[in-house]
Amino acid sequence: MLTKNKILAEILDKNLEQVVRLMGYKRDVGRYLHGADIFIMPSEYEGFGNAFIEAMYCGLSAVISQNVPAKEIAEGACLISSTEADDIAGKIEILLTDREKYKEMSMVAESIAQEFNITNYLEKLLKIYKKSDFLFLHLNNYEAFKKVLPSKIFEYGATEKKIIAGVNG
């Protein structure tokens, strides 16, 4: 399994500490995405891939693994790779060397991302909620439950649906 310590050791071993930074959790993701050249998501497993949608919103061409479900909505905005390093590197090289392809994919990415703006998202979410009999919430711990509960109360108010909630442990 790839760990942060293994990644850091590889960065130091290859003298890449001036160009590769592991930033950790950030709230101001847009700032970093706007400063990036390419978005890379070589996931072994991924949920929907909101980070990829955010990158498309910033106009970033991307290399994503075949395991990122958002690939289904992003045709033309990304190159699909396996999770093998050589395949990922080859796709990155394509984006770095073929500027026309990069620009075209960037424009497609921005266009697709517009479908996922907050207004459209909320409209679609409310339609789903209105079709539902209840809202279900399960979180791993009480602290997460306390953080999410205010938005669930809002959702209840917007939909008048019952909320079934559970906390692990």
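1. Start with Met56. Setting aside neighbours within four places in sequence, Met56 is in contact (heavy atoms within 4.5 Å) with Ile73, Ala74, Ala77, Ala109, Glu110, Ile112 and Ala113.

2. A word on the basis. This is a predicted model, where local features need pLDDT of at least 70, side-chain atom pairs count only at pLDDT 80 or more, and totals for chains, interfaces and linings use all residues. Residues are numbered from 1 along each chain as its sequence is written, and side-chain values use heavy atoms, with hydrogens and water left out.

3. Met56 also belongs to the largest nonpolar core, which has 27 residues. Such a core is a set of buried Ala, Val, Leu, Ile, Met, Phe, Trp, Tyr and Cys residues joined through side-chain atoms within 4.5 Å. Buried means under 20% relative accessible area (1.4 Å probe, protein chains only). Phe39, Phe52, Met56, Ile64 and Leu95 have the most contacts inside this core. α5 gives the most to it, with 5 residues.

4. Next, the helices, which are DSSP runs (H or I, at least four residues) numbered from the N terminus. α4 (residues 85–97) and α5 (residues 99–114) pack at about 95°, with axes 5 Å apart. Axes are lines fitted to C-alpha atoms over the stretch in contact, and angles run from 0 to 180 degrees between N-to-C directions. The two helices are therefore roughly perpendicular (65 to 115 degrees).

5. Which residues of α4 meet α5? They are Ile94, Leu95, Leu96 and Thr97, facing Arg99, Lys101, Tyr102 and Met105 in α5.

6. Finally, Tyr129 lies in helix α6 (residues 118–131). Tyr129 is buried, at 12% relative accessible area.

How values were computed: Buried < 20%, exposed > 50% of the residue type's maximum accessible area, 1.4 Å probe, protein only. Parallel < 35°, antiparallel > 145°, perpendicular 65-115°, else oblique.
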